[in-house]
Amino acid sequence: MQTQKTALVLSGGGLFGAWQIGAWSVLREHFHFDAVIGASIGSLNGWAIAGGATPEDLAARWLEAATTGQVRLRFPRSPLDGCVEFTQIEGFIRTLYEAYQPKVEYYAIVTDILRLKPCTIDGAHVQWRHLAASCALLGALPQQRIDRVLYTDGGFLGALPLWAARQCHATRVIGLNVMPRMPWPIRAVLKPLRSVRGRQPKPDPNCLTVLSPNQPLGTWKQACVWDKPTIEKWIHTGRQDAEQALSLHPTSVARPSNQKSNILD
């Protein structure tokens, strides 16, 4: 009999990632996650979740970051430097990285920009710069060169890396997708790039659940600006949306969180 393995997959989506904290805070009471996979902002949340953070811990770190000052723009020295001042963001990533080490399987998704190939970095090999690379939105944040490979945002070719759950042999996959529909000019640019990459195999639909916000969380500008009341609202909304999802499937929540056979369909 195959052992069940449940993976939590966290998407990119800028500061909309605060919603993931609230949703996960509810799901963790009903599911044991054996593996955590994250792209872009989801890689940061995933690193803390895999490292044993509580929802209160992670929310507090987000709220503290929201009170330390707003993101500032800069004139980049090269197109790879990005137009956003990286000091504050780097400090947040470094602090989060140093606070946790994975206690379950963890994978950060980065994109090899020259080969147009998404890559999984196992938690045992993740450095803080891999987390920075996973969040390195092209044009906004510095691209990261690690071991002679130039990496960009892990969600560049697909916000929710469900394919990585299949690679780690998960038998149950729960995705938290906060990426709204991109503006059409960006979609027009990314479509041919994604066609070059080709389709990535996804998990069996019968073993897959993807939760997203029930209502749009806000504008793209809000997704790029640290604002404490907005972050608090998104975390709360994540809780509400996950609770509603669970209430629609009451028979799926049959066992406490220390058992691994719960299923949310």
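Which residues does His130 touch, not counting residues up to four places away in sequence? Select His130 and show its surroundings: Val110, Ile121, His125 and Ile146 are in contact with it, where contact means heavy atoms within 4.5 Å. This is a predicted model, in which local features need pLDDT of at least 70, side-chain atom pairs count only at pLDDT 80 or more, and totals for chains, interfaces and linings use all residues. Residues are numbered from 1 along each chain as its sequence is written, and side-chain values use heavy atoms, with hydrogens and water left out.

**Stop 1: His130**

His130 belongs to helix H5 (residues 128-134). Helices (H or I, at least four residues) and strands (E, at least two) are DSSP runs, numbered from the N terminus. With a relative accessible area of 6%, His130 is buried; the term means under 20% relative accessible area, while exposed means over 50% and partly exposed lies in between (1.4 Å probe, protein chains only).

**Stop 2**

Now select residues 105-112, strand E3. Seven of its eight residues are buried, so the strand is largely enclosed by the rest of the structure. Two strands pair if DSSP finds at least two bridges between them.

- Strand E2 (residues 35-39) pairs with E3 in the parallel sense, over five bridges. Ile37 stands opposite Tyr107 of E3.
- Strand E4 (residues 117-122) pairs with E3 in the antiparallel sense, over six bridges. Lys117 in E4 is the bridge partner of Asp112. The hairpin of E3 and E4 has four residues between the strands, and Leu116 there takes a positive phi near 50°.
- Strand E6 (residues 149-152) runs antiparallel to E3 and is joined to it by two bridges. Thr152 in E6 is the bridge partner of Thr111.

**Stop 3: helix H3**

Move to residues 55-66, helix H3. Its 12 residues reach 17 Å from the first C-alpha to the last, close to the 16 Å expected at 1.5 Å a residue; the expected span is 1.5 Å times one less than the number of residues. Colour Pro55, Leu58, Ala59, Trp62, Leu63, Ala65 and Ala66, which are buried. Seen down the axis of H3, the buried residues fall within an arc of 160°, so they line one face of the helix. The arc is that of the directions from the helix axis to the C-beta atoms. Glu56 and Glu64 are exposed, on the face turned away from the buried side of H3. The cover over the buried residues of H3 includes H1, helix H2 (41-50), helix H4 (87-99) and helix H8 (228-247).

**Stop 4: Leu63 and Ile231**

Within H3, pick Leu63. Leu63 counts as buried, at 18% relative accessibility. Leu63 and Ile231 are 168 residues apart in sequence, yet 7.0 Å apart in space, C-alpha to C-alpha. Leaving aside neighbours within four places in sequence, Ile231 is in contact with Leu15, Ala18, Trp62, Leu63, Ala66 and Trp226.

**Stop 5: the cores**

A nonpolar core is a set of buried Ala, Val, Leu, Ile, Met, Phe, Trp, Tyr and Cys residues joined through side-chain atoms within 4.5 Å. The largest one has 63 residues, and Trp62, Leu131, Leu176 and Ile231 have the most contacts inside it. Helix H1 (residues 18-27) gives the most to this core, with seven residues. Another core, of 15 residues, lies apart from it and has Val9, Ala39, Tyr107 and Ala165 among its members.

Finish on H1, where 10 of 10 residues are buried. The elements covering them include strand E1 (6-10), H2, H3, strand E7 (172-176), strand E8 (208-211) and H8.
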